Amino acid sequence: MSSKTLRLVPLGGLGEIGKNMMAVEYGENILIIDTGIMFPENDMLGIDYIIPDFRYVAEKRDKVRGIIVTHGHEDHTGAIRHVLDEVRAPIYATKLTRGLLEVKLRRGGLLKETELHTVQAGESVKIGPFDVEFFHVCHSIPDGVGLGISTPAGLIVHTGDYKFDHTPVDGWPTDFGKLGEFGGRDVLALLADSTNADEPGWTPSEAVIDPAFDAVFRKAEGRILVGTFASLISRMQQVAQAAMQNNRKMAFVGTSMVENAKMARKLGYLDVPDDLIVDLDQALKMKPSKVVLMCTGTQGEPSSILGRLSTGTNRRFELLEGDTVVLSSHPIPGNEEMVHRTINRLFQHGANVIYDPIAPVHVSGHASQEEMKLMLQLVKPKYLVPIHGELRHFRQHAAMAREIGMDGSSIAVVENGTVIEFKDRKMKVGDRVPGGYVFVDGSGVGDIGPHVMREREALAKDGFVVVHLTLNGKNGVLGREPEIVSKGFVFVRDAEELFAHARDRIRDLAEEADRSELRDQIEKDLSRFFYAETKRRPMVMVFTSPSE
Ligand SMILES: [Zn+2]
Ligand SMILES: [Zn+2]
């Protein structure tokens, strides 16, 4: 047995749904698993998406031997460009996952300089001191894998995102046999998907969606728009099936949808005849009853196709009276409010909207409680580390593990940044490394910190007040009456008295305060004053200019 410590460093996805990223570290070697993004919650103003705080691996970039991406969903692939900007390491992924990554890398101009290796379920690859065995798992995208990672400290099994579907869209079930084989090999730790830990029973098969889609397609008289993630290739296949059965042509809308569909067809993961597919321009000229459009925007993202249609701001086409919109996904926790708002707006624009409680047009791609217990029974790990979920999911997962006989001390419920160490087959919860949010806003990465978020919240909630001071060049006294402008704070006509008092305070401060600290002091004083008077905290900004 080796004397070095094996460290699992969760950088994202533990304590939240999204931006999955884990570092496995042994001595001078690091293996990264997944590089995902998270979609912003509705209180994160103006943020496009969030990436993991991966400073830990960026600082040790020379030790990173490889990056494994388990499947093609955004919460596992989305941050790849950001990670490669800091950490140059070869990427290992299955054919479809690699195809989806290549679309991203090409867009970022990184494709040529990136070393990519295609792996297949059933294969093993040696990456530094880690022997990685890839095994197939069912999920809502084809070609997903879990990992058996043999390290000098023991065997670690990572489930990836999985469910036990006996009738998956691509006919390829989860590799029960391999999981059972791991069970006979003294697994040190199991890192297992916890997303649906509060769902009792079994997750329904993807197959239940087919009759639901068929029913919707038979009833719809106008156009059908199906909203889903651009990476949900299995769903594209199912919509294609329903379109064929109901004599409709299918068009993909939006760059990522079009590119992913093209790539999945080329690689053979999306099996649709050429004459089924039309481009958007053709589709828009056809009889509404003859087309189905596949587009993005099921999480209420304002910039997505469905988001823009719901606000009447889509450029190439608008919703028509009689359109049927099918939302084939569940809101990610935290997005419910935005999703419901989008559904309401789609109704307002004359569409009939069909979403999960109305018809089973979506099933989860993640294991429910009985499947999670089966996973534990098959793999028989010494330790369990719940991953991919919020704290409440981890607690449930831990409770289930105890139910089937695991000791509480063998389960590590931790959130991002808390290191788990293994030495001499003993687990220890170690130190914390940075593991927070990095906000991506347009093209900027990480320049939006919590401070900027707080400012945006303040602006949205209580507006702002701008004070303009004209200062006399010589002694710094006021050259003119201070001007005050406000937006979103108070109704100005009602605030005459408030602003008159504010001007008095500014004049007093201008006489007393040190010139170099004047702006700062006025901002602080007015913030306090406005809060005392109105119970609101507008952002106060002071500008000075010399008098002519
Ligand atoms: Zn997934
Ligand atoms: Zn995931």
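Analyst: In this predicted model, the zinc ion (ligand 2) sits in an irregular site, with angles of 89 to 165 degrees among its four donor atoms.

Which atoms coordinate the zinc ion (ligand 2)? They are an OD atom of Asp75, NE2 of His76, an OD atom of Asp161 and NE2 of His388, at 2.1 to 2.2 Å. Donors are N, O or S atoms within 2.8 Å of the metal (3.2 Å for Na, K and Ca), and sites may look incomplete because water is absent.

Follow the chain through these donors of the zinc ion (ligand 2) and you get the spacing D-H-x84-D-x226-H. Asp161 lies in the loop between strand 11 (154-158) and helix 5 (176-183), while His388 is in the loop between strand 18 (383-387) and helix 13, so this pair ties together parts that are 227 residues apart in sequence. Helices (H or I, at least four residues) and strands (E, at least two) are DSSP runs. Asp161 is buried, at 3% relative accessibility, and His388 is buried too, with a relative accessible area of 4%. Buried means under 20%, exposed over 50%.

Now for the neighbouring metal. Asp161 bridges the two zinc ions, ligand 1 and ligand 2, which are 3.3 Å apart. The zinc ion (ligand 1) is held by His71 (NE2), His73 (ND1), His139 (NE2) and Asp161 (OD), at 2.1 to 2.4 Å. The site of the zinc ion (ligand 1) is irregular as well, its four donor atoms making angles of 89 to 171 degrees. Along the chain, the donors of the zinc ion (ligand 1) are spaced H-x1-H-x65-H-x21-D. Two of them link distant parts of the chain: His73, in the loop between strand 5 (64-68) and helix 2, and His139, in the loop between strand 9 (130-137) and strand 10 (144-151), are 66 residues apart. Both His73 and His139 are buried.

A note on reading these values: residues are numbered from 1 along each chain, with chains lettered from A and ligands numbered from 1 in the order written. Local features need pLDDT of at least 70, side-chain atom pairs 80 or more, and totals for chains, interfaces and linings use all residues, while side-chain values use heavy atoms, without hydrogens or water.

Note on methods: Tetrahedral: all angles 85-135°; square planar, octahedral: opposite > 155°, others 65-115°. Buried < 20%, exposed > 50% of the residue type's maximum accessible area, 1.4 Å probe, protein only.
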